[in-house]
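Work through the exercises below with the sequence and the 3D structure at hand, and try each task before reading its solution.

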Amino acid sequence: MPEELVPIFRVADARETAKWYARLKFVIEGEHRFAPEFPLYLFLRRGVNALHLSEHEGDARSNTLVYLYVHDVDEIAAEFNVEVEDQPWAREVELTDPDGNRLRIGQLKN
């Protein structure tokens, strides 16, 4: 397996937040819970990109920022009804999930 860096976002309700990420084409690959009453931890994937959502209080903090490169930023902008901004390095949008985690999503310029 190739090496991979995976961001972890702290969320209040992993299943609900996963629905928001489904709009970005992330799918749930798996989940873990130590016991039925314990917080949920979800493993998401969008192609080669992975993201973990954790209800565990000590795993991460909200307002984290990650950058995701995609092939079609216009599709994402339309899904979330936001404007694409033209930056020197990419065309991009910025989104905030229901828990305050931020994503900059860019399409490289050719």
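**Exercise 1.** Why does Trp 89 count as partly exposed?

Solution. The model is a predicted one, in which local features need pLDDT of at least 70 and side-chain atom pairs count only at pLDDT 80 or more, while totals for chains, interfaces and linings use all residues. Residues are numbered from 1 along each chain as its sequence is written, and side-chain values use heavy atoms, with hydrogens and water left out. Trp 89 counts as partly exposed because its relative accessibility is 45%, and that class lies between buried, under 20%, and exposed, over 50%, with a 1.4 Å probe and protein chains only. As for its place, Trp 89 is in the loop between strand S6 (85-86) and strand S7 (90-96), where strands are DSSP runs of E with at least two residues and helices are runs of H or I with at least four, numbered from the N terminus.

**Exercise 2.** Find which residues line the second largest pocket, and sort them by kind.

Solution. First, a pocket is an open set of points on a 1 Å grid, reached by a 1.4 Å probe, with protein on both sides within 12 Å along at least five of seven lines, and its lining residues have an atom within 4 Å of a point. The second largest pocket holds about 160 Å³ of space, and its lining includes Arg 23, Lys 25, Arg 46, Tyr 69, Asp 72 and Glu 79. Next, the lining divides into six charged, four nonpolar and two polar residues. Finally, helix H2 (residues 73-80) gives the largest share of this lining, three residues.

Terms used
Points joined across faces, edges and corners; volume = space filled by probe spheres on them. Nonpolar A, V, L, I, M, F, W, Y, C, P; charged D, E, K, R; others polar.
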